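Subject: Structure for you to look at

Hello,

Here is the structure I promised to pass on. Please open it and keep it in view while you read my notes.

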Amino acid sequence: VCSSDLEALPVEGSLQIKAAEYWLKLGEAVQALKELEALPSGIRNNGWALKTRIAAIGVLRERDQVVVQK
């Protein structure tokens with residue numbers, strides 16, 4: 001996480017993004033995306049939020065590929 005991304009966010013937004021990261025670490029990509037969707041629209045476009053969203057989508061895509069390959 002870039003320090004400039006953190007400085008530009010209000011505390012509540014930072015906490016929501018961090019919560020999404022923790023959901024990802026727990027393997028709960030859907031919950032992570034829900035956390036990110038709850039962000040105000042201006043914060044959703046923050047670099048940190050976008051990177052977290054991309055990671056969550058990647059986890060879901062990998063999960064879908066594993067199911068299809070079985």
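Below is what I found, from the overall fold to single side chains.

First, a caution: this is a predicted model.

The fold is helical. The protein chain has five helices and zero strands. From the N terminus, the order is α-α-α-α-α. The chain has 70 residues, and 31% of them are buried. Look at contacts with a separation of 6 or more: 54% of these join residues 24 or more positions apart. The chain exposes about 4,800 Å², and carbon and sulfur atoms supply 58% of that.

Now the charged side chains. How many salt bridges does a search of the whole structure find? It finds two.

One joins E21 and K18, at 3.1 Å from N to O. Both residues lie in helix α2 (residues 11-25). They are three residues apart, about one turn of the helix. E21 has a relative accessible area of 18%, so it counts as buried, the cut-off being under 20%. K18 is partly exposed, at 32%.

R53 is buried, at 15% relative accessible area. E37 is partly exposed, at 46%.

Last, aromatic pairs: the count is zero.

Best wishes

Note on methods. Residues are numbered from 1 along each chain as its sequence is written. This is a predicted model: local features need pLDDT of at least 70, side-chain atom pairs count only at pLDDT 80 or more; totals for chains, interfaces and linings use all residues. Side-chain values use heavy atoms; hydrogens and water are left out. Helices (H or I, at least four residues) and strands (E, at least two) are DSSP runs, numbered from the N terminus. Buried means under 20% relative accessible area, exposed over 50%, partly exposed in between (1.4 Å probe, protein chains only). Contact means heavy atoms within 4.5 Å. Accessible areas come from the Shrake-Rupley method with a 1.4 Å probe; for residues, only the protein chains shown count as cover. Rings of Phe, Tyr and Trp (its six-membered ring) pair if their centres lie within 6.5 Å; planes under 30 degrees apart count as stacked, over 60 as edge-to-face and the rest as tilted. A salt bridge is a side-chain nitrogen of Lys or Arg within 4 Å of a carboxyl oxygen of Asp or Glu.
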